[in-house]
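This report concerns a single structure, shown below. Please keep the view at hand while reading.

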Amino acid sequence: MAQSKIWLSSPHMGGNEKKYIDDAFAGNWIAPLGPNVTGFEENLEHYLGDGQHVAALSSGTAAIHLGLIMLGVGAGDEVICQSMTFSASANPIAYLGATPVFVDSEPDTWNICPNFLEEAIIERLAKGKKPKAIIAVHLYGMPYKVDEVNAVAKKYDIPILEDAAEALGSTYNGKKCGTFGTIGILSFNGNKIITTSGGGALVTNNKAVKERAVYLATQARDDKPYYQHTEIGYNYRLSNISAGIGRGQMEVLNRNVNLRRGINNFYRDFFKEIEGVTVFTEYDERYFSNFWLTTILIDADNTGGITPNKVRLELLNDNIEARPLWKPMHLQPVFKDAPYYGANISEQLFNNGLCLPSGSNMGKIEFERISIALKRIFNNL
Ligand SMILES: *Cc1c(COP(=O)(O)O)cnc(C)c1O
């Protein structure tokens, strides 16, 4: 195994990140505040446009936690959550002592199904409890059915917490993902489309909500010369060093989106010829995905028995990382007692899907290695 590892998605620097870190050292802003934090927030606000306000935080998970608090979620409440997602979407519900109610995906975008969502709301209301929020996710960068899902949320007057952790750079009807919820969240973890090593952000169109997020993220200090607190606070602000990386990364966000979309094209071309494999693509022209990860579905009945797991293991043999899709939350041992509404669509996706290497820093050599490996796997029936 002499060849270096091809990762699913690894950090891809633009070049100016170190300059912003040097600025932080030069100004001695080695703290969870400073010019990089403010500058990064301004970069994101400018990028998202549309009068958005952004609070830079220590992680996407922290942003979801604060978002749910600000939507009034507390102990004993119920929060509806897309089942097919990363556990970070759902964990903050449990932090607050609330109960997640999981909802299945629809097959067009793999995200929360508006019909099952409405079914869940109607049944929870009949049981006497109105869900406090809906967590909708743009999985793998693919926008959820914004019109349909937001219409259901509006009909029942339930706020949406929009998990755009994987979807910075994606749009729906020309509008940026992250701006569709009552509150949106972003992640800059190491494997996301841009990274600050670790970090996240809360997005809102209401300046007061941003200010409250920053207040809660800095231990909820009252405006006094001494330390006085009337609420429980958190230590969730982004470091000024990390934010410096973020400022450099914002300079190459569009490049990264274009590269990831190019990678998706590469796989689409490759699999055109191969029966039983479909590359997940946009449902119609309203959807524009950053294709954070390219994902495929494999119908083993039509591939001569080649399963997603076989493809994954064969690629691993060549030191190429591929990964199963997110295992739905309603199938997770930790959430086994949570209510679930759906028809096991996400379960089928999980069973038949695979994430392929999609890092924007892949070049000719990597594409060549992946091509050769996939050809060997699929031609060797
Ligand atoms: C990465 C991710 C998160 C969490 O973000 P962190 O910054 O890692 O805390 C939340 N939801 C989804 C869908 C993610 O992919």
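**Ligand site.** The model is a predicted one. Its ligand sits in the largest pocket. Around the ligand there are 15 residues, and the closest are Thr61, Asp163, Glu166, Ser187 and Lys192.

| Residue | Protein atom | Distance to a ligand oxygen atom |
|---|---|---|
| Glu166 | polar side-chain atom | 2.5 Å |
| Lys192 | side-chain N or O atom | 3.3 Å |
| Gly199 | backbone N or O atom | 3.4 Å |

The ligand taken alone exposes 380 Å², of which the protein buries 95%.

**A strand residue.** Thr171 belongs to strand E6, which comprises residues 171-172. Thr171 counts as buried because its relative accessibility is 14%, below the 20% limit. Beyond neighbours within four places in sequence, the contacts of Thr171 are Pro143, Lys176, Cys177, Arg286, Tyr287 and Phe288.

**Loop residues with positive phi.** Asn28 is not a glycine, yet its phi is positive, near 60°. Asn28 lies in the loop that connects helix H1 (17-26) with helix H2 (35-48). With a relative accessible area of 62%, Asn28 is exposed, since the threshold for that class is over 50%. Ser197, likewise not a glycine, has a positive phi of about 80°. The loop holding Ser197 runs between strand E8 (183-187) and strand E9 (200-204).

How values were computed. Residues numbered from 1 in each chain as written. Predicted model: local features only at pLDDT ≥ 70, side-chain atom pairs only at ≥ 80, totals over all residues. Heavy atoms only, no water. Helix = DSSP H or I, 4+ residues; strand = E, 2+ residues; numbered from the N terminus. Buried < 20%, exposed > 50% of the residue type's maximum accessible area, 1.4 Å probe, protein only. Contact = heavy atoms within 4.5 Å. Near = heavy atom within 4 Å. Polar contact = N/O pair within 3.5 Å; in protein donor to acceptor, adjacent residues only side chain to side chain. Areas by Shrake-Rupley, 256 points an atom, 1.4 Å probe, with all protein chains shown as cover. 1 Å grid on protein atoms, 1.4 Å probe; cavity = no way out; pocket = protein on both sides within 12 Å on 5 of 7 lines; lining within 4 Å. Sits in = over half its atoms within 2 Å of the grid points.
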